[in-house]
Structure formats: structure tokens, C-alpha cells
There are 4 protein chains.
Amino acid sequence: MRVLIWNEHRAEQANPAVAALYPDGLHGALAAATRSLVPNADVRTATLDDAGHGLDDLDATDVLVWWGHRAHDELPQELAVAVRDAVVAGMGFVALHSAHLSRPFVQLMGTSCALIWRESDDREHLWCVAPGHPIFAGVPQPLVLARHEMYGEPFVVPPPDELLGVSWYSGGEVFRSAAVWQRGAGRVAYLSPGHETYPIYHDPAVQRLVTNAISYVAPRGGRRPDLLACPSAATPPFLGGGA
Amino acid sequence: MRVLIWNEHRAEQANPAVAALYPDGLHGALAAATRSLVPNADVRTATLDDAGHGLDDLDATDVLVWWGHRAHDELPQELAVAVRDAVVAGMGFVALHSAHLSRPFVQLMGTSCALIWRESDDREHLWCVAPGHPIFAGVPQPLVLARHEMYGEPFVVPPPDELLGVSWYSGGEVFRSAAVWQRGAGRVAYLSPGHETYPIYHDPAVQRLVTNAISYVAPRGGRRPDLLACPSAATPPFLGGGA
Amino acid sequence: MRVLIWNEHRAEQANPAVAALYPDGLHGALAAATRSLVPNADVRTATLDDAGHGLDDLDATDVLVWWGHRAHDELPQELAVAVRDAVVAGMGFVALHSAHLSRPFVQLMGTSCALIWRESDDREHLWCVAPGHPIFAGVPQPLVLARHEMYGEPFVVPPPDELLGVSWYSGGEVFRSAAVWQRGAGRVAYLSPGHETYPIYHDPAVQRLVTNAISYVAPRGGRRPDLLACPSAATPPFLGGGA
Amino acid sequence: MRVLIWNEHRAEQANPAVAALYPDGLHGALAAATRSLVPNADVRTATLDDAGHGLDDLDATDVLVWWGHRAHDELPQELAVAVRDAVVAGMGFVALHSAHLSRPFVQLMGTSCALIWRESDDREHLWCVAPGHPIFAGVPQPLVLARHEMYGEPFVVPPPDELLGVSWYSGGEVFRSAAVWQRGAGRVAYLSPGHETYPIYHDPAVQRLVTNAISYVAPRGGRRPDLLACPSAATPPFLGGGA
């Protein structure tokens with residue numbers, strides 16, 4: 001399984017506290033966790049400032065993991081559409097935390113992807129509401145984050161094809177924090193944990209959740225570029241109802 | 001719209017505190033709210049101890065509202081199946097609070113309908129996660145219950161066809177507390193508010209929520225008894241593919 | 001209910017056979033049917049070549065009906081995004097036939113919206129698979145189109161939130177030809193009938209189907225521009241979990 | 001994976017033509033196909049007339065495959081409920097053809113499971129509408145059955161959590177012929193191929209479809225009997241919102 005961890009990689013440069021938490025970048029921490037927990041994964045990383053914004057090789061990517069926050073608009077829309085098309089053809093996509101407003105995720109959802117939020121060290125309990133789902137295998141019930149940014153409802157995404165997790169915040173809000181959508185032959189997972197000023201991706205339970213999601217949305221068959229075209233279909237003689 | 005409010009009506013007799021809160025029974029309070037807020041409703045009430053357990057007239061019922069708790073098993077399964085069939089043919093069904101374990105609701109869900117719970121005066125915030133849905137029209141965001149029984153995940157029901165509300169509890173849990181399922185031509189709503197030892201159904205916001213649900217699941221067309229039978233279909237000449 | 005019927009209006013100019021079938025344009029036929037069958041509708045029409053492509057007044061539109069075919073790419077993407085945002089805020093959207101590839105519909109779906117097709121005078125039977133749904137009220141089971149373009153699976157759209165109709169073609173294919181998706185506070189309906197070289201929109205059963213869809217996706221409450229923004233939320237003292 | 005193929009096993013005894021097609025019973029043919037195509041499957045068979053109706057060992061069953069037709073009512077309802085509970089706790093269930101009216105399937109669906117039907121040697125094309133889904137891996141598009149019983153809409157089941165296949169019949173009907181529902185930790189698949197008077201289960205493409213479904217609904221984790229109970233939950237000190 002070829003996994004590409006994509007990170008905007010700006011917070012680490014702008015905020016020394018983030019750099020201290022993630023000396024190898026958020027992508028570095030996620031890549032290390034993936035290598036450790038997904039034995040069959042061939043993991044690469046890419047960032048916004050890479051050549052081609054790091055997305056030159058979508059055809060050779062099975063699962064794309066996305067983290068971004070402040071520079072969503074620096075990604076050309078054509079690349080967001082390219083990601084959408086790769087997903088439709090079978091690639092898995094995992095959007096993390098503030099990637100809810102990233103262009104690829106918005107393109108795949110077809111909504112505003114808005115939510116309410118608050119940075120105030122809320123305690124978060126992330127509860128699995130789909131018992132037995134593989135994305136929650138080995139994840140405690142609930143997954144407790146001692147301090148995290150609050151993301152709250154309404155979360156303006158299409159009704160998930162699989163709603164997996166709901167978060168509770170000490171400030172009084174709730175959030176659909178783990179969900180999956182089908183898009184063509186590909187699947188999209190969203191997981192809310194991951195604000196950059198907390199050591200969230202060093203938490204073994206979060207690492208388990210994220211890497212489970214990577215495994216879950218991995219392609220289940222060969223790439224399907226046919227799902228991007230509208231072919232005219234002749235009536236095959238052997239199919240002809242009236243023939 | 002012919003509405004039947006069905007209440008087990010045992011808690012009111014066994015517990016003076018409940019009788020004091022609901023001198024006309026839980027059904028009485030719900031009927032009064034429905035008469036007040038659903039102008040076109042013709043409201044009747046029934047209880048477990050009525051003749052025929054109060055269910056003799058399902059054919060003339062457009063929406064059946066159900067409250068029960070300790071005596072679920074006293075309802076014969078045949079009547080639960082009769083309710084299920086009426087729903088399939090188009091009747092609306094609103095299950096309230098502990099009716100999650102009532103025989104009609106379990107029959108309609110096809111699961112255990114289990115959950116976790118705690119009676120400890122939790123504060124509850126019920127958040128709408130489907131903005132603009134008519135069941136939440138005029139309901140504050142969030143709907144706050146100062147004290148209520150906690151119902152928590154996992155709630156073992158099928159994934160709702162419409163997930164509308166999620167509750168937060170001060171003890172740290174969450175719950176999918178407002179949802180709708182399609183069953184044949186009929187619709188089933190579940191709403192968690194309504195523990196009998198609190199004045200929940202005297203709360204105008206809860207009354208609004210419950211009566212909105214009654215209006216929402218009301219039949220959208222004539223009764224469909226055909227959906228209960230499996231007719232053999234001749235090939236109509238005008239439909240014949242090969243003719 | 002303020003209904004805007006939008007038509008690309010090119011086929012009528014390029015193809016005399018289409019002009020003969022629809023002397024007032026496809027939009028004219030659809031507008032007449034809507035005026036006749038939706039008594040409370042205030043119906044306007046617009047075309048691609050109008051000023052602002054006819055979309056200057058989305059804020060004052062409750063339901064937007066869309067027909068397009070060959071000139072999808074002449075609509076600026078910003079306007080497709082504006083339609084998406086209007087839907088998220090509550091506007092209804094009805095995509096007809098070849099509008100499956102229109103920019104607003106693709107934007108709302110998040111997929112390629114591909115399908116297979118054939119122009120060969122197939123017979124079509126459109127079956128309701130959601131008995132009792134208001135979009136099929138008064139529509140025969142099946143709705144028979146003596147001759148129509150074939151649209152076949154796979155139809156690369158997200159799993160519908162409500163799958164309502166499936167079509168059979170004499171050539172041997174099937175198609176999910178009537179469906180609804182929720183997008184924020186708004187709803188999107190897709191209906192496949194409507195190839196321009198057949199008198200489909202003069203068929204009373206199709207008129208019923210289309211106008212039922214217009215009524216169904218009409219807003220159920222006031223416009224919700226808040227669903228387009230991501231506000232920071234202070235912890236209200238009365239909501240504070242730990243307060 | 002422990003697979004139990006359950007067959008009513010009455011048609012084979014009552015109808016010599018069925019016995020000739022399936023000398024080892026429908027269960028024998030299905031078991032042989034499963035042994036051949038699912039290498040890790042430990043396959044057993046059971047029939048209605050076995051001791052305990054063949055269902056004594058649900059706890060040791062990972063996937064239960066069900067075929068029945070004329071004797072549905074001879075299975076005690078308690079056993080249908082036991083199957084439902086096993087599914088909720090994680091067991092997979094595959095209902096084949098006329099098992100749409102079997103007591104376990106009806107119990108799991110919560111509807112009438114009615115449909116229309118015709119025995120008249122219709123040609124059937126079963127189209128995948130979920131491209132890339134593992135249940136259709138290696139299955140031709142469409143899967144063609146030269147002659148089969150027609151099953152038509154409306155099929156009165158809850159909206160599937162995954163609609164995978166739709167059938168076309170030469171008589172002019174359509175049917176949602178392959179679908180999956182989530183029930184607690186378990187999954188239920190329905191596949192319509194399999195009328196007993198045709199050699200359907202000797203068709204390699206159907207064998208592939210059925211065995212793919214067996215693999216798909218196999219448990220994804222350990223058994224979850226906790227999903228059948230409603231435990232009272234103390235507020236754990238480490239979870240306490242206000243602590």
C-alpha cells in the first residue's frame with residue numbers, strides 16, 4: 001500500500017511551539033506512525049511547497065492523507081480536482097482536523113464544510129458510535145484528549161455514508177469527528193483530531209485511529225479510470241432485451 | 001391528522017413523584033402539547049391496560065407516539081408486529097426515551113436497541129446536526145435540559161436514514177438522540193428526551209421537538225396495504241420487453 | 001415558492017427538430033408545467049446567454065431547476081460554486097437529464113457524475129423504489145417512456161440519501177434515475193427524463209414527477225447563510241460543562 | 001472463517017427437477033462453491049429438519065448463509081431472534097433469493113420484505129451500481145442469468161446501507177438485487193439470485209458473487225455480546241466533565 005502523507009507544513013515554520021512538538025513536521029510524525037503501525041505501507045511525504053505541490057504522482061498513490069490549515073487557497077483548484085478524480089478512480093483519502101476546509105476535501109464533499117470552533121484547551125472524549133468498525137479497532141472507548149481545539153456542530157458536510165465517531169467537549173459541544181464517505185470507487189475518511197499546538201499525533205490512540213483509517217480506505221481493487229468518462233454504449237447483441 | 005399517544009402508564013401509578021409531575025399521565029401532557037402545537041391534529045390517548053392494549057384502531061391512526069419503560073414485555077409480540085405493519089403501510093411512529101426497548105421499536109429496528117445509561121441528574125445539551133430540518137424548527141441550539149437521565153453510545157440501532165440530533169451529557173458521554181428511519185411507506189422517529197422523573201414534557205422546547213416529529217412522520221399519501229403482500233405479477237403486454 | 005427554470009437553450013437553436021418539439025424552449029415547457037401543477041409557484045426562466053448567465057438572483061430563488069447539455073463549460077466555475085453555496089444555505093436544486101454533467105451538479109456531488117449512454121430509441125420503464133414518496137405521488141408505476149435515450153450504470157454519484165427511482169431500458173440496462181441528496185440545509189434532486197429530441201416534458205407523468213420534485217426540495221425554513229461560515233464560538237457561561 | 005450454510009431443504013425433496021439440479025441439496029452446491037472459492041473458510045451445512053433446526057452453534061458461526069422458501073414459518077421465532085442477536089454481536093448473515101421472507105431476515109429488516117414476482121423464465125441482467133465494491137470483484141458487468149424468476153420493485157426493505165446491484169428483467173421490471181445492511185457489529189447481505197428450479201448456484205459468476213458476500217460480511221473483530229445489554233454506567237472519575 002503506497003501512502004502519501006501531505007502536509008501544508010507552514011505552522012511548523014511560523015510557530016516555534018509547533019516546531020518543538022513536531023521537529024520532523026506533522027507529516028514526519030504521521031509518517032513514522034504509519035510505518036510503525038501499517039506494516040505493508042510504503043510511506044512517502046509531501047508538502048505544499050514541494051514541486052508540483054507534492055502531487056505529481058497521484059496515479060501511484062493508494063491512500064492520500066491530508067493536513068492543512070492556513071494556506072488552503074494556495075493549492076490550485078486543478079489539483080483539488082485531480083485529487084477528487086483519483087479518489088473516484090479508487091484512491092483513498094484521509095482528511096485530518098483542519099483539512100475540513102482544504103480544497104480537495106471541499107471538492108469531494110460538495111458543501112461548505114463549515115463548523116464552529118474554539119481554541120481553549122477543551123477536554124475531548126471521542127466516542128465510537130459504530131461498534132466493531134475497523135477504524136476503531138484497538139482504540140479506547142472513549143478516546144480521551146486531555147486538551148484540544150473544540151470543533152462543533154453543525155458540521156456542514158453531506159450525511160456520512162458511515163458515521164463512526166462523535167466527540168464531546170468540556171465546553172458543552174458535540175461534533176461528528178470520525179466519518180467515511182464513498183466517492184466512486186474511492187473512500188474518504190475525516191478524523192478531527194490533530195490541532196497543531198497539541199501533541200495529538202504523538203498519542204498512541206490517535207495514531208491507531210489514523211492508521212486504521214489509512215488501512216480502511218485503501219483501494220479494494222484496481223484503479224478505475226473508466227469511472228471518469230461517459231462512454232457511449234452500443235447494444236451488445238447478447239444483451240439485447242428485444243433482439 | 002389522527003394522532004394516538006400511547007403510554008405504558010405504570011410509572012405514574014408506582015411513583016408518587018411521577019404522578020405529581022404528570023397528574024394526567026405522561027400521555028396527558030403529551031396530548032395537551034400536541035393539541036396546542038399541531039392545530040390539525042385529532043389527538044387520542046391509550047395505555048397498556050386499556051382493552052386491546054389500546055391498539056385496536058391502528059388503521060385509523062396516522063401517527064402513533066409511544067412511551068414505555070418497565071412493562072415492555074406485557075405487550076404481546078403480535079401487537080408489536082401489527083404496529084410494524086401499520087408503519088410499513090404508511091403510519092408514522094414516534095418512539096420516546098425508554099421506548100427504545102419497546103417491542104414495536106425493536107421490531108422496526110431489527111437490532112437490540114441497547115445503550116448505556118445513568119440516573120444521576122446529568123445536564124444535557126441536545127444539538128441539531130441537520131441544520132434546517134423541520135423536526136428542529138423553533139428548537140434552540142442546543143436544547144438544554146438542566147437535569148436528565150444519561151443515555152450513551154453505543155446506541156445499537158441501524159444507521160439512521162436521517163441523523164438529526166446528538167446529545168452531550170455533563171458526565172462525559174454523547175448520544176444520537178434524534179433520528180429518523182424509513183420503513184416501507186412509513187417513518188419512525190426516535191427522540192431521547194423524556195425520563196419520567198423530570199418535568200421534561202412540560203418544557204416548551206421539548207414539546208416543540210416532539211410535535212415537530214409528529215408532523216414530520218405523518219403519512220405523505222394514502223395507506224399502502226399492498227406493501228405487506230407479495231403478489232405474482234403477470235407480464236403486462238404493454239410492458240413486455242421482448243414483445 | 002420562487003422557482004427559477006434554467007436552460008442552456010442551445011439545442012433549440014442548433015436543432016430544428018428540438019425547436020419544433022419545444023417552440024418556447026425546454027424552459028418554456030417546464031415553466032408552463034410548473035405554473036400549472038404547483039399553484040403556489042412564482043416561476044421565472046433563465047438561459048445561459050442571459051446577462052450574468054441568468055443567475056444574478058439566487059438569493060431570491062427557492063428552487064433552481066437546471067437543464068444543460070453541450071455547453072456545460074461555458075458556465076464560469078464561480079457561478080457553479082455560487083449555486084452550491086445557495087443550496088447549502090437552503091435553496092432546492094433539481095438537475096434534469098444531461099445536467100448530470102453540469103458544473104453546479106458536479107460541484108454538489110463531488111464525483112465525476114459519469115454514466116454510460118446510448119441514443120437508440122430505447123423503451124424506458126421508470127420504477128419507484130421508495131413507495132409512498134411524495135416525488136412519485138400521482139406518477140404511474142412504472143412511468144413508461146416509449147422512446148428515450150438510455151442512461152446506464154455505473155452512475156458515478158455519491159450514494160443517494162434517498163434513492164427513489166430506477167429505470168429499465170429495452171436494450172438491457174438499468175439506471176438510478178431519481179434520487180435526492182442533502183447538502184447543508186438544501187436538497188438536490190436528480191431526475192433522468194428529458195432528452196431534448198423526444199417530447200418528454202410534454203408527458204403529463206413526467207411533468208408530475210418534475211413538479212413533485214420542485215415541491216419536495218423547496219426550502220423548509222429560512223435561508224441559512226450561517227452554514228457558509230466558520231465562526232469562533234466562545235464558551236457561553238450557561239453552557240459550560242465544568243461551570 | 002466458520003461458515004454455516006443453512007438450507008430449508010424441502011424443495012429438493014418435493015420436486016424431482018430440483019433434486020436433479022442439486023443432488024447434494026442447494027446447501028451442498030453452495031458449500032462446495034464456498035470451499036472452493038474461500039480458501040480460509042471452514043464450511044458446515046444445516047437444514048430445517050436437523051436437531052435444533054441446525055442452529056445450535058451460532059456462537060461458533062462467523063457467517064450464516066440462508067436459503068428458504070416454503071417453510072419459513074416452521075422456524076420458531078425464538079431462533080429468528082437468536083440469529084438477529086448473533087448478527088448484532090458481529091456474525092455475518094447472507095440471505096439468498098426467497099430468504100427475503102425468512103424469519104431471520106424479516107427480523108433483521110423490520111419491514112414486510114415484500115416484493116412482486118413472476119415465474120416465467122425471464123432473462124435477468126444484474127448490474128453493479130457500486131463500482132469497485134468487493135462483493136462484485138471478478139463478477140461480469142452485467143451478470144447475465146439466461147432464465148430466472150423475476151423479483152420486482154417495490155422491495156419493501158429499509159434503504160440499504162450499501163446498495164450494490166440492480167437487476168433488469170426481460171419482462172420489464174427492475175429489482176435492487178444486491179444490498180448490505182449494518183445491524184450492530186454485524187452485517188447482512190441480500191442477493192436475489194437462486195431460484196431452485198434453475199442451475200443458478202452452478203453458475204461460476206453467481207458463485208463468485210455469493211462467496212464474495214460471505215467474505216465481505218465476515219466479522220471484523222471479536223464477538224460483541226455487550227451490544228445486547230443495557231448496562232448502567234457509573235461516571236468514571238477520569239471522565240467526569242465537571243471533575
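Guide: Let's start in chain C, where L4(C) has L64(C) as its bridge partner in strand 3 of chain C. Before going on, this is a predicted model, in which local features need pLDDT of at least 70, side-chain atom pairs count only at pLDDT 80 or more, and totals for chains, interfaces and linings use all residues. Residues are numbered from 1 along each chain as its sequence is written, while chains are lettered from A and ligands numbered from 1 in the order in which they are written.

Visitor: What makes strand 1 and strand 3 of chain C a pair?

Guide: Two strands pair if DSSP finds at least two bridges between them. Strand 1 (residues 2–7) and strand 3 (residues 63–67) of chain C have 5 bridges, in the parallel sense, so they pass that cut-off. The strands themselves are DSSP runs (E, at least two residues), as helices are (H or I, at least four), numbered from the N terminus.

Visitor: Why are strand 2 and strand 6 of chain C said to stand at the edges?

Guide: The open sheet has 9 strands in the order 2-1-3-4-9-8-7-5-6 in chain C, with mixed pairing. Strand 2 (42–47) and strand 6 (143–152) of chain C each have a single partner strand, so one side of each is left without a neighbour in the sheet. Neighbouring strands of this sheet are turned by 25° against each other on average, direction ignored.

Visitor: Which strands of chain C does helix 4 lie across?

Guide: Helix 4 (residues 77–88) of chain C lies across strand 3, strand 4 (92–96), strand 8 (174–183) and strand 9 (186–191), and runs at about 120° to strand 9 of chain C. Helix 6 (residues 204–217) of chain C runs at about 165° to strand 9 of chain C. Those angles run from 0 to 180 degrees between N-to-C directions, with axes as lines fitted to C-alpha atoms, for helices over the stretch in contact.

Visitor: Why is H9(B) called buried?

Guide: A residue is buried if 20 or more other C-beta atoms, placed from the backbone, lie within 10 Å of its own, exposed if 12 or fewer, and partly exposed in between. H9(B) has 22 such neighbours, so it is buried. This residue is found in the loop between strand 1 (2–7) and helix 1 (11–14) of chain B, and its phi is near 60°, a positive value in a residue other than glycine.

Visitor: And P199(B), is it buried or partly exposed?

Guide: P199(B) has 15 other C-beta atoms within 10 Å, so partly exposed is the label. It is found in the loop between strand 9 (186–191) and helix 6 (204–217) of chain B.

Visitor: What makes C113(C) stand out in its phi?

Guide: Most residues other than glycine have a negative phi, and most peptide bonds are trans. C113(C) has a positive phi of about 60° although it is not a glycine. With 23 C-beta neighbours inside 10 Å, C113(C) counts as buried.

Visitor: Which residues does a cis peptide bond join in chain B?

Guide: E153(B) and P154(B), with omega about 0°. In chain C, a cis peptide bond joins Q141(C) and P142(C), with omega about -5°.

Visitor: Why is the relation of chain A to chain C that of a two-fold axis?

Guide: A rotation of 180° with 0.0 Å of shift along its axis superposes chain A on chain C, RMSD 0.0 Å. That is a two-fold relation.

Visitor: How do you know that chain A and chain C meet through the same surface?

Guide: 100% of the interface residues of chain A are also interface residues in chain C, so the copies do meet that way. The contact takes 41 residues from each of chain A and chain C, where contact means C-beta atoms, placed from the backbone, within 7 Å. Strand 5 of chain A gives the most to its side, with 4 residues.

Methods:
Contact = placed C-beta atoms within 7 Å. Least-squares fit on C-alpha atoms with pLDDT ≥ 70 in both.
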